[in-house]
Amino acid sequence: MKQGSHDSAITLRSPLAEDAADLHTLVAECPPLDPNSLYCNLLHCTHFSGTSVAATRRDSQGNERLVGFISAYIPPAQPDTLFVWQVAVAQEARGEGLGRRMLDAIVQRPACAGVRYINTTITPGNQASWALFESWARRHGAPTTSHVHFERERHFAGRHDDEHLMRIGPFELAAEFAT
Ligand SMILES: CC(C)(COP(=O)(O)OP(=O)(O)OC[C@H]1O[C@@H](n2cnc3c(N)ncnc32)[C@H](O)[C@@H]1OP(=O)(O)O)[C@@H](O)C(=O)NCCC(=O)NCCS
């Protein structure tokens, strides 16, 4: 049995290299997420395993299925900040609080002991993503700010919507999660 926390038949654990191909498929099934190369997903599952999370559920045959994933890392120049790159929850597992629980699972890790902020970028039209991060901030009593960060013309050569940087924090979760 792989190590992780269990909640309503879903296991949350650090990703493994063997998850990368399933992550590649999950991201492809979760528009509007940008697909990455499989090699990039391998880096998420190995170099960034300590600050990323895989959510799995056993199917009726007992096979483990990847139903959620967050790719995140601590930028070298911002050791107090977790940058959340992609959040993917399979259609079948949405609306159960899994996105929120995956964020909780990461910030409780030893690797995040010094983290006081979450940064993420969101396109203006992605209501589910805004709702997820606003809900997480509200539940942890953390303030939020947002502004345009990567711009459609200037940074994406017109090929991608603006990405707004949402910053959550400061927060202090050690006591909250200890109870
Ligand atoms: C965004 C996504 C990760 C949310 O996952 P989820 O597990 O269903 O979210 P949760 O159940 O944890 O919901 C968290 C909050 O967001 C709200 N929410 C979730 N999906 C929503 C939607 N489509 N519209 C409005 N609100 C939504 C929930 O109601 C909840 O708010 P509450 O606590 O006030 O009740 C999922 O819809 C997804 O994978 N979408 C496609 C990929 C994507 O856009 N990822 C985010 C960009 S990185």
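Modeller: Happy to! A polar contact here is a pair of N or O atoms within 3.5 Å; within protein, one must be able to donate a hydrogen and the other to accept it, and residues adjacent in sequence count only if both atoms are side-chain atoms. This is a predicted model, in which local features need pLDDT of at least 70 and side-chain atom pairs count only at pLDDT 80 or more, while totals for chains, interfaces and linings use all residues. Residues are numbered from 1 along each chain as its sequence is written, and side-chain values use heavy atoms, without hydrogens or water.

Around the ligand there are 23 residues (a heavy atom within 4 Å). Those that come nearest are Val87, Gly97, Asn126, Ser135 and Arg138. Arg138 brings a polar side-chain atom to 2.8 Å from an oxygen atom of the ligand. The backbone takes part as well: an N or O atom of Val89's backbone lies 2.9 Å from a ligand oxygen, and a polar backbone atom of Gly99 is 2.9 Å from an oxygen atom of the ligand. On its own the ligand has 920 Å² of accessible area (Shrake-Rupley method, 1.4 Å probe; for residues, only the protein chains shown count as cover), and the protein covers 75% of that area.

Arg101 sits in helix α3, residues 98–107; helices (H or I, at least four residues) and strands (E, at least two) are DSSP runs numbered from the N terminus. With 18% relative accessibility Arg101 counts as buried; buried means under 20% relative accessible area, exposed over 50%, and partly exposed in between (1.4 Å probe, protein chains only). Its side chain reaches the backbone oxygen of Glu96 at 3.0 Å.

Helix α2 (residues 38–46) has Cys40, Asn41, His44 and Cys45 buried. Seen down the axis of α2, these residues fall within an arc of 140° (taken from the directions from the helix axis to the C-beta atoms), so they line one face of the helix. Their cover includes α1 (20–28), β4 (64–73) and β5 (81–89).

Strand β4 also holds Arg65, which counts as partly exposed at 34% relative accessibility. Beyond its neighbours within four places in sequence, Arg65 is in contact (heavy atoms within 4.5 Å) with Glu29, Ala55, Thr56, Arg57, Ala90 and Glu92. Arg65 and Ala55 are ten residues apart in sequence, with their C-alpha atoms 8.4 Å apart.

Strand β8 (residues 163–168) has five of its six residues buried, so β8 is largely enclosed by the rest of the structure. Two strands pair if DSSP finds at least two bridges between them. β6 (residues 117–122) pairs with β8 in the antiparallel sense over five bridges, and β7 (residues 144–150) runs antiparallel to β8 with six bridges. Leu165 of β8 is the bridge partner of Thr121 and also of His147.

Some backbone details lie in loops. Most residues other than glycine have a negative phi, and most peptide bonds are trans. Gly169 and Pro170 are joined by a cis peptide bond, with omega about 5°, and Pro170 is in the loop between β8 and α6 (174–178). Another cis peptide bond joins Pro31 and Pro32, with omega about 10°; Pro32 lies in the loop between α1 and α2. Ala157, in the loop between α5 (152–156) and β8, has a positive phi of about 50° although it is not a glycine.
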